[in-house]
Amino acid sequence: MVATDRTTIPLLGEEDSSKRRQILDGASKVFLDLGFDGASMGEIARAAGVSKGTLYVYFADKNRLFEAIVEREMLEQQKNAFNFDPERDASTTLREFGQAYIELLCRPGGGSAIRTVMAIAERMPEVGRRYYENVLAQTIGRLATYFQARVGVKELAIPDCQLAASQFMQMCQASLFLPFIFQAAPPPSSDRIANVVESATRMFLAAYQTSTR
C-alpha cells in the first residue's frame, strides 16, 4: 500500500536540496536496475553515496522515496509550457506542440522515471493514477480545449475533442516512444521527431480540418 501521509521534511537550503537530488538520482538508478521489490534502503544509500541514517532523515521508507521520484518527474514535465493559444492556427500549433512533446517524452534520461512508474503502477496504483492525472491527462485536456476553440471558429470539425487530443499525441509517438522506452533505440533526433510529427499533423488535419479552409 502507498503511504497516505505525504508529510515531507522542510528543506532549509541549497545543501539540503542538493543532497535530496543526490538521493533521488541514486534511488532512480537502483529502482530501475533492481525493481521496487529488489531495491533496499541500504542499496539506495550506497548508490546515492550517503549513509543509511542520512537517507532516513530525508525519506521514512521506500514507498515515500519512490513517490518523491514520481513527483519530481511530474514537476519536470509540468515545467514545459506548450503554446495552446486559441488564436493560433491548428497546423502551426500541432507541429510545434508535437515536436516539443516528443522531445520532452523521449529526452535522454527521461525514460527512467516513466519505466519505473509503469513497472510499479499495478502494485502502487495511486502513484500511477497520480502520474497519469497530473501529467498525461492535463496535457490531453489542454490540447482538447484548444481543439474546441478551433472548432468554434470552424477551422476544425471534431465531434470528440478529448479523443482527438489523445489520437494526435499517440500519432506523434508512433515509431519513437516505444523503441525508446523499451531501450530498443536511443532518444530520437530532432529531425526524426519532426518527420514523424509532420506525418501525424497531415493525417490529423486530413481527418478533422474543415473543407472550407
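Reply: Helices here are DSSP runs of H or I with at least four residues, numbered from the N terminus. Bear in mind that this is a predicted model.

Let's start with Ser91, which sits in helix H5, residues 90-105. The side chain of Ser91 makes a polar contact of 2.7 Å with the side chain of Asp89. Leaving out residues up to four places away in sequence, Ser91 also touches Glu155, Thr201 and Leu205.

Now for the nonpolar side of things. The largest nonpolar core holds 62 residues, and those with the most contacts inside it include Phe147 and Phe204, along with Phe31, Ile44, Leu55, Leu65 and Leu143. Helix H7 (residues 125-152) is the top contributor to this core, giving eight residues. Pick out Phe147 and, again skipping residues up to four places away in sequence, you'll find that Phe147 touches Leu94, Leu156, Ile158, Cys161, Ala164, Ala165 and Phe204.

Zooming out, the protein chain has 10 helices and zero strands. Of its 213 residues, 43% count as buried. Among contacts with a separation of 6 or more, 74% link residues 24 or more positions apart. The C-alpha trace spans about 65 × 35 × 35 Å along its principal axes.

As for the surface, the protein chain exposes about 11300 Å², with carbon and sulfur atoms supplying 54% of that.

Methods:
Residues are numbered from 1 along each chain as its sequence is written. This is a predicted model: local features need pLDDT of at least 70, side-chain atom pairs count only at pLDDT 80 or more; totals for chains, interfaces and linings use all residues. Side-chain values use heavy atoms; hydrogens and water are left out. Helices (H or I, at least four residues) and strands (E, at least two) are DSSP runs, numbered from the N terminus. A polar contact is a pair of N or O atoms within 3.5 Å; within protein, one must be able to donate a hydrogen and the other to accept it, and residues adjacent in sequence count only if both atoms are side-chain atoms. Contact means heavy atoms within 4.5 Å. A nonpolar core is a set of buried Ala, Val, Leu, Ile, Met, Phe, Trp, Tyr and Cys residues joined through side-chain atoms within 4.5 Å. Buried means under 20% relative accessible area, exposed over 50%, partly exposed in between (1.4 Å probe, protein chains only). Accessible areas come from the Shrake-Rupley method with a 1.4 Å probe; for residues, only the protein chains shown count as cover.
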